[in-house]
Structure formats: C-alpha cells, structure tokens
Amino acid sequence: MRYFPAVLAVFVFAGPTLGHAQEPRKVDCHKDLRKAVEFIDAQWSFKIFKPGAVDFDEAYRELQWEARNAETPEACADVLARFMAQLGDGHSRLQYFPGLEYSAPAIELRSQRERLSSRPGEKARVHVYVFSRDTTDDVLRTILPGSEILAVNGEPVDERYRFMEERAAGSTPQWIDYMCDRQLLLGPAGLEVELSMREPSGSPKTVVVTRPPYLSEDEREREDEIYEDTFQVAVWERLEGGWGYLQYKSFAFKNYDYTIDAFDDAIDDLIDTPGLIIDLRGNGGGYVDAMADAAGRFVDERFAVEYFQVRAPGQETVIEYLDPLTQKGTTRPPVVSKPRKDIYVQPLVILIDHRCFSACEGFSGGLQSIGRALVVGNSASGGGSGWVAGIRLPSRAIISFSWTVAWRPDGTQIEGNGVVPDILVRERPRDWASGRDRVLERAIRALQQGEAKPLASASGTH
C-alpha cells in the first residue's frame, strides 16, 4: 500500500486566482491525454470493480478538443486533473506537471459544510477555517486559529470550492474536501495572496501573505535532509491517569525498518500502561508490511488485516495468488498480520480523521473489524486503498493510480467508504482557537468507562 507521500503537491489548475507559470511553454496535451486514457484503461484495477463509473471513450471524447487546444502547462494540467478526478479513486491524480512552479503559505485549513443546502439539489455551502499556521512567520503569526477564510484574492471561498471539486480526485466527500483544503491557497510561487477573514471574535481581518519561493533541486534536497533529521514519526507519552498515548504520523518514513522500529520503540515503552491511544490523525499511509507488522503487536494469533485483488493487465479478470492462510489459490489473498514481540493486551483506542488514508485505513480498519480496537474520530477516513503505480506522460507529467483493490475483513471496500469511527465526535472551529481536542478527550473517556476492551485470551475468535 505504498503511495506518493502527502508532501507532494496535488495541483488544481487554470483557476481565476492562480495566474500563470513563470516560464510558459507549449505542450502536446492531446498526446498526454491519450497516453493517460490508454494506460489506465489497461491497468486500473477499479475498472472491473466500479462498473459504469468511468466510460473511458466518453471521457476522452469530452476532453480531446480541450487537450488539442491546451498549449500551456496550466491548460494541459487542468485537462489531466479533470480526467483523473473522474476515476473517483483516492490514489488516482495528477501528481506533477513540469513548468508549474506552485507553492502555498504554511497554513493548514479545515473545511466544514453546512448540513443543509439553501436550495434542493444544490451542494451545501462550504466554510473554511484556519486550523494551524507557521508561527515563525511574522505575518502568519497574526492569523488566529479558528478564523474563517471568506475570500481569496477577492473570490468567495465557496465559489472556489465548486471549481476545485471537479479537479480533486477522491472516492469520498471527506477526502475531496481535504484535497480542496490543501489547494485553496496554492498558486504561482512568490506571489502575494490576499485573505479576507472573520476572526473567532467575529471581527473582520484582511491579510496579505506571500507564497514561498519554488525551490531548486539542490534546495529541495537540503530541505529533505533537514526534514528527515528533525521529523519524529512516533511521539509518545503517558497521560494523566496512566494511559499511553502514541502519535504515529506515517507508515512510511525513510525506510521500512526505521518506520516499524519507531513504532516498536513506542509500544515497548508503553507496554505496561492500562490502556493505549494511537493517534493516526493525518497519517497518510505507507508500507503495507509496516501496516501489517504494527497490527501484530496487538493480536495473539494471525489474522487478515485486509484482502486485495489485482486486475490482469488489459483484461476483465483478476489474477490468482496463493493464500498464505489456507495455502490455496485465491483471487482475493489476505494481507496477514502475525503476533510480534511482546503483545499489548490492554484496551486499545485508535484516533482517525479524514486524512487517515491507505495503510492507515488498513491498520485501523483491520483491528476494528476483529473487535481489537475502538475507533474514535471526527470523520470517516479518506477512503483510499490498494497499491499505487505512477507513470510519466510524454510531457514528463506524472499521474498515479491504484493497481490493486483492497477489501476490509468484513467484505466492504475501503474505497468509497473509508473506516467509520465507532464513536463520532463533532469538532467545532472554536475548539481550534482554544486548542481543545475533543477527539482525544472522548478517547480518554472511552478508556475510563471501559468502552474499549482488552485482548481476549487466545480462543480462535479472531
């Protein structure tokens, strides 16, 4: 379940607030579109699991005129982004287009939709709030968490979201909203962006921020080195009451060994706690082996974390594999987790949100399915499954897509559903202003009240 890291930008193009690339150049967009359609039509596993979802011939006919006339990177990227969004696959998107030097201010946004639309058949209005920002920046520091963004460069946020939704790839509404949150302030690097806001107090505020410069390859390498040296994939502590708390940020950092060693170090240190909370909010997934091996610290016998299927290239059939549990051939083999090291047997609570994706969903959904973990969150997870492939198009643009399909142990697809929390907690923007964490509060209460259960003795119930 390896995927492109979340730090890669997912671009939305040709919007009225984005301007132009710094060095426009002509591209053969029709060749790009044709290659993308042909390759995905032959390789995309979801084609046989989402009958009628995408008519590739029709999609090509609808976009080919635009592609033939799209001579700039912005125009071509917009065509490709809209094609990839039609797949409705959380992993399928335009990852990169050469010549577009985009960036965004270091502000994390969270959108919330009104529950009812103003007119029947219309989508509910979107509100966008500041969740966090880089406080080392003098201008960004003046923006208060919980502030509502009303307009960007004079364009109302709700209108901007309507535009972006057609270009944001995802299988669930919550993941599409997250993609739009990430792209709202994205645009040409180095340019100023005017944000019209309403502060938590209700006071209006206008701030002009500058998008960071686009880094050269050498600068990006240095940034990556600093990131790897300072980033902590696992952070843990003992909360009041003795409960263990582990924030696990990724199932893929540096390499498999580093990723799983960090997890094991945390569990080893918290092994004697009376209950454990694993915080996976914002965990975008990673290595399938790390997902399975991490789950092995909480079970006393082997179990299927999830099942997967792979389409035979260019065909409407599924490839058969050897089932490691039954040693028989099957078209839906399991990803198996085995007990590992000292088993944590006390109650387990997992925190998720709409940003929990891919391997994060396999881990949380698999343990939830067998009753080993109580899942608490403010939303269902993102809805992304499968191992991911990426290809370069003739322009050297990169697209990605799922080449496997994943199923939960209960038989439901992760794609289009995500993992639904056992306990759903509604968050409020005013919580972000005050720093209150309602999800964590509810998880602690679940441990205190015995809602999360310890591991039963080995009885074959898994």
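User: Which elements do the buried residues of H8 pack against?
Analyst: Happy to start there, keeping in mind that this is a predicted model. The buried residues of H8 are Val-288, Ala-290, Met-291, Ala-292, Ala-294 and Ala-295. With 6 of its 8 residues buried, H8 is largely enclosed by the rest of the structure. The elements that its buried residues pack against are H7, S13, strand S16 (334–337) and H9.

User: Which element gives the largest share of the largest nonpolar core?
Analyst: That core holds 43 residues, and Phe-251, Phe-263, Phe-298, Phe-363 and Leu-367 touch the most other members. Elements giving two or more residues to this core include helix H7 (256–269), helix H8 (288–295) and helix H9 (359–369), along with strands such as S11 (244–248). The largest share, 6 residues, comes from H8.

User: Good, now Phe-298: which residues does it touch, not counting those up to four places away in sequence?
Analyst: Phe-298 is one of the core members that touch the most others. Its partners are Phe-263, Ile-267, Leu-276, Ile-278, Ile-343, Tyr-344, Leu-348, Phe-363, Leu-367, Arg-372 and Leu-455.
Apart from this core lies another of 35 residues, including Cys-76 and Leu-393.

User: And Ser-45: which backbone nitrogen does its side chain reach?
Analyst: Ser-45 sits in the loop between helix H1 (29–43) and helix H2 (56–69), and Ser-45 is buried because its relative accessible area is 0%, under the 20% cut-off. Leaving aside neighbours within four places in sequence, its contacts include Gln-309, Val-310, Ser-402 and Trp-403. At 3.1 Å, the side chain of Ser-45 reaches the backbone nitrogen of Arg-311.

Conventions. Residues numbered from 1 in each chain as written. Predicted model: local features only at pLDDT ≥ 70, side-chain atom pairs only at ≥ 80, totals over all residues. Heavy atoms only, no water. Core = buried A, V, L, I, M, F, W, Y, C linked by side-chain atoms within 4.5 Å. Buried < 20%, exposed > 50% of the residue type's maximum accessible area, 1.4 Å probe, protein only. Helix = DSSP H or I, 4+ residues; strand = E, 2+ residues; numbered from the N terminus. Contact = heavy atoms within 4.5 Å. Polar contact = N/O pair within 3.5 Å; in protein donor to acceptor, adjacent residues only side chain to side chain.
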